[in-house]
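Trainee: Before we discuss this model, could you set the sequence and the structure side by side, so that we can go through them together?

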Amino acid sequence: MLCHFKFDAFLFYAGWIFVMTLLVLLFVPETKGIPLASMYQAWEGHWYQRRFEKFGLLKGNGSELGMDFQ
């Protein structure tokens, strides 16, 4: 299938790169200047991740999973 695309193969892959870039811009929050131990704060303020806070999935520092970041 891809052998018959010729120039369209470039447009095909460029389209997917565009879609992936949009997903990263929308769903990955800015974490510049935030220490690793308090990374949950970046996710708490994110528009998409706020809906998961009511389940308590973003609380904690990772010590309950055996990850101590201090």
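Trainee: Where is Ile34 found, and is Ile34 buried, partly exposed or exposed?
Mentor: Bear in mind that this is a predicted model. Ile34 is found in the loop between helix 1 and helix 2. Its relative accessible area of 26% lies between the cut-offs of 20% and 50%, so Ile34 is partly exposed.

Trainee: Which residues does Ile34 touch, not counting residues up to four places away in sequence?
Mentor: Contact here requires heavy atoms within 4.5 Å. Once residues up to four places away in sequence are left out, the residues that Ile34 touches are Met39 and Ala42.

Trainee: How many helices and how many strands make up the secondary structure of the protein chain?
Mentor: Trp16 is found in helix 1, which covers residues 7–27, and Glu44 is found in helix 2, which covers residues 40–44. For the protein chain, the secondary structure comes to two helices and zero strands.

Trainee: What separates the C-alpha atoms of Glu44 and Pro29?
Mentor: Glu44 is partly exposed, with a relative accessible area of 21%. Glu44 and Pro29 are 15 residues apart along the chain, and their C-alpha atoms are separated by 9.7 Å.

Trainee: Why is the pair of Phe12 and Tyr13 edge-to-face?
Mentor: A pair of aromatic rings is described by the distance of the centres and the angle of the planes. A search of the whole structure finds two aromatic pairs. In the pair of Phe12 and Tyr13, the ring centres are 5.3 Å apart, and the pair is edge-to-face because planes over 60 degrees apart count as such and these planes stand at 75°.

Trainee: What accessible area does the nonpolar surface patch that includes Phe12, Tyr13 and Trp16 have together?
Mentor: Phe12 is partly exposed at a relative accessible area of 32%, Tyr13 likewise counts as partly exposed at 45%, and Trp16 is partly exposed at 47%. The nonpolar patch on the surface also includes Ile17, Phe18, Val19, Met20, Leu22, Leu23 and Leu25. Taken together, the residues of this patch have an accessible area of about 1,000 Å².

Trainee: How far from the backbone oxygen of Ile17 does a polar atom of the side chain of Thr21 lie?
Mentor: Thr21 lies in helix 1 and counts as partly exposed, at 41% relative accessibility. From a polar atom of the Thr21 side chain to the backbone oxygen of Ile17, the distance is 2.8 Å.

Trainee: What share of the accessible surface of the protein chain belongs to carbon and sulfur atoms?
Mentor: Of the 70 residues of the protein chain, 13% count as buried. The accessible surface of the protein chain comes to about 6,000 Å², and the share of that surface belonging to carbon and sulfur atoms is 68%.

Notes
Residues numbered from 1 in each chain as written. Predicted model: local features only at pLDDT ≥ 70, side-chain atom pairs only at ≥ 80, totals over all residues. Heavy atoms only, no water. Helix = DSSP H or I, 4+ residues; strand = E, 2+ residues; numbered from the N terminus. Buried < 20%, exposed > 50% of the residue type's maximum accessible area, 1.4 Å probe, protein only. Patch = residues over 30% accessible without salt bridge, like charges linked within 9 Å, V, L, I, M, F, W, Y side chains within 5 Å. Areas by Shrake-Rupley, 256 points an atom, 1.4 Å probe, with all protein chains shown as cover. Salt bridge = Lys/Arg side-chain N within 4 Å of Asp/Glu carboxyl O. Phe/Tyr/Trp six-rings, centres within 6.5 Å; stacked < 30°, edge-to-face > 60°. Polar contact = N/O pair within 3.5 Å; in protein donor to acceptor, adjacent residues only side chain to side chain.
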